[in-house]
Amino acid sequence: MKSAKKVLILGVNGFIGSSLAWRMLTDTNWDVTGMDVSSGKISHCLECERFHFFKKDALADNDWIESAVRDCDVVLPLVAIATPALYVKDPLRVYRLDYESNIRVVEWCAKYGKRIVFPSTSEVYGMCPDAAFDEEQSSLVLGPIAKERWIYSCIKQMLDRVIWAYGKHEGLKFTLFRPFNFIGPKQDDINSPKEGASRVLTQFIHNIINGKPLKLVDGGAQERSFTFIDDGIDCLMKIIENKDGCADGQIFNIGNPEMKFSIRGLAELLISLISKYPGYADAAGKTVVENVSSREYYGEGYQDVPRRVPSIRRAREILGWNPKTTLEQAVRLTLDYHLLHKDYELERSFGR
């Protein structure tokens with residue numbers, strides 16, 4: 001019998017980290033160590049004896065993180081600021097957390113011979129003109145330096161390149177994955193979003209149920225491929241399992257090209273679905289949609305991407321993965337969680 005994996009998740013209380021930890025605990029016998037500055041999204045995980053949580057800071061607790069890397073088999077460094085408003089308003093904070101804390105983890109993984117599964121981002125493709133972004137062929141096209149919005153993409157791309165170099169020249173075992181607009185119930189708190197800083201689904205739900213206008217940046221024509229969190233976690237589990245080493249040295253887009261919607265289309269779908277929930281029909285019916293410029297909404301250093309659609313050929317062929325959830329199903333599950341207080345995660349029991 002194979003020994004259980006020891007998995008370290010840095011940033012375990014985030015959207016992906018909390019969902020991934022829960023799946024590991026319910027579906028495998030893996031031992032999971034999680035680190036974050038808070039634990040609000042992992043309350044279910046704390047009840048499992050195979051989960052070990054430590055309240056630590058990615059920038060301050062370097063000795064603990066190095067020791068934790070040394071003691072595990074697989075590292076997922078999920079600590080990052082991933083909100084466009086902060087790329088413009090506080091780019092140096094983004095640099096310090098997203099780059100400085102993560103480059104140390106990469107170096108420790110190389111030093112101690114640990115496998116790293118690193119979260120790249122769909123944003124590395126930038127303004128690539130391709131109809132579907134391909135991990136092997138698509139160019140990574142970023143805007144001018146004065147458009148500070150690109151600091152996040154540039155940081156992630158640099159980390160991708162450093163990890164790739166460690167793999168090619170020093171034998172680091174790695175996999176890079178690029179999430180495309182993951183959505184789901186525990187993405188953000190809908191009760192206290194910050195306009196311009198929260199992710200679009202959270203902000204729209206909050207505004208609709210609280211009688212606030214929906215602000216469509218530059219008219220909301222931007223197309224995004226939304227991916228339900230459970231589908232994304234299915235793919236990540238295959239990557240971490242790494243059957244026969246199939247994910248070693250690979251880059252995978254994780255997205256749903258069939259869920260390509262404009263931001264305006266998402267707004268219209270949300271208004272329609274929320275109107276069917278008891279007590280929210282009136283608020284949904286009165287929702288006002290406003291067009292705002294990207295400069296007004298995010299700041300002067302912002303630049304948007306008109307289309308972000310992945311090719312998932314490699315995930316299909318190498319991992320045997322396909323997303324299954326439609327946008328309407330994903331939004332309904334999210335609304336059930338927030339408006340009806342249904343927690344579908346509790347239906348999963350701990351794996352033994």
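User: What counts as a salt bridge, and how many does the structure hold?
Analyst: A salt bridge is a side-chain nitrogen of Lys or Arg within 4 Å of a carboxyl oxygen of Asp or Glu. The model considered here is predicted. By that criterion, the number of salt bridges in the structure is 15.

User: With which residue does Lys-111 form a salt bridge?
Analyst: Side chains of opposite charge can pair when their charged atoms come close. For Lys-111, the closest N and O atoms of the pair are 3.4 Å apart. The partner of Lys-111 is Glu-66.

User: How many residues apart in sequence are Lys-111 and Glu-66?
Analyst: Lys-111 belongs to helix 4, whereas Glu-66 belongs to helix 2. The pair therefore ties together parts whose separation in sequence is 45 residues.

User: Is Glu-66 buried or exposed?
Analyst: Buried means under 20% relative accessible area. Lys-111 has a relative accessibility of 58% and counts as exposed. Glu-66 has 17% relative accessibility, so Glu-66 counts as buried.

User: How are helix 2 and helix 4 oriented to each other?
Analyst: Helix 2 spans residues 62–70 and helix 4 spans residues 91–112, with their axes 9 Å apart. The two pack at an angle of about 40°, and their crossing is right-handed. Helix 2 and helix 4 are therefore described as oblique.

User: Which residues of helix 4 make the contact with helix 2?
Analyst: On the side of helix 2, the contact is made by Asn-62, Ile-65, Glu-66, Val-69 and Arg-70. The residues of this contact divide into six nonpolar, one polar and four charged. Those contributed by helix 4 are Arg-104, Val-105, Trp-108, Cys-109, Lys-111 and Tyr-112.

User: In which helix does the salt-bridge partner of Asp-134 lie?
Analyst: Asp-134 meets Arg-313 in a salt bridge of 3.3 Å, N to O. Asp-134 lies in the loop between strand 5 and helix 5, so the pair ties together parts that are 179 residues apart in sequence. Asp-134 counts as buried at 11% relative accessibility, while Arg-313 counts as partly exposed at 33%. The helix that holds Arg-313 is helix 11.

User: What is the N to O distance in the salt bridge of Arg-224 and Asp-304?
Analyst: Arg-224 is in strand 9, and Asp-304 is in the loop between helix 10 and strand 14, 80 residues apart. Arg-224 is buried at 6% relative accessible area, and Asp-304 is buried at 18%. Their side chains meet at an N to O distance of 3.0 Å.

Terms used: Residues are numbered from 1 along each chain as its sequence is written. This is a predicted model: local features need pLDDT of at least 70, side-chain atom pairs count only at pLDDT 80 or more; totals for chains, interfaces and linings use all residues. Side-chain values use heavy atoms; hydrogens and water are left out. Axes are lines fitted to C-alpha atoms, for helices over the stretch in contact, and angles run from 0 to 180 degrees between N-to-C directions. Helices (H or I, at least four residues) and strands (E, at least two) are DSSP runs, numbered from the N terminus. Angles under 35 degrees count as roughly parallel, over 145 as roughly antiparallel, 65 to 115 as roughly perpendicular and the rest as oblique. A crossing is left-handed if the near helix is turned anticlockwise from the far one by less than a right angle, and right-handed if clockwise. Contact means heavy atoms within 4.5 Å. Ala, Val, Leu, Ile, Met, Phe, Trp, Tyr, Cys and Pro count as nonpolar, Asp, Glu, Lys and Arg as charged, and the others, Gly among them, as polar. Buried means under 20% relative accessible area, exposed over 50%, partly exposed in between (1.4 Å probe, protein chains only).
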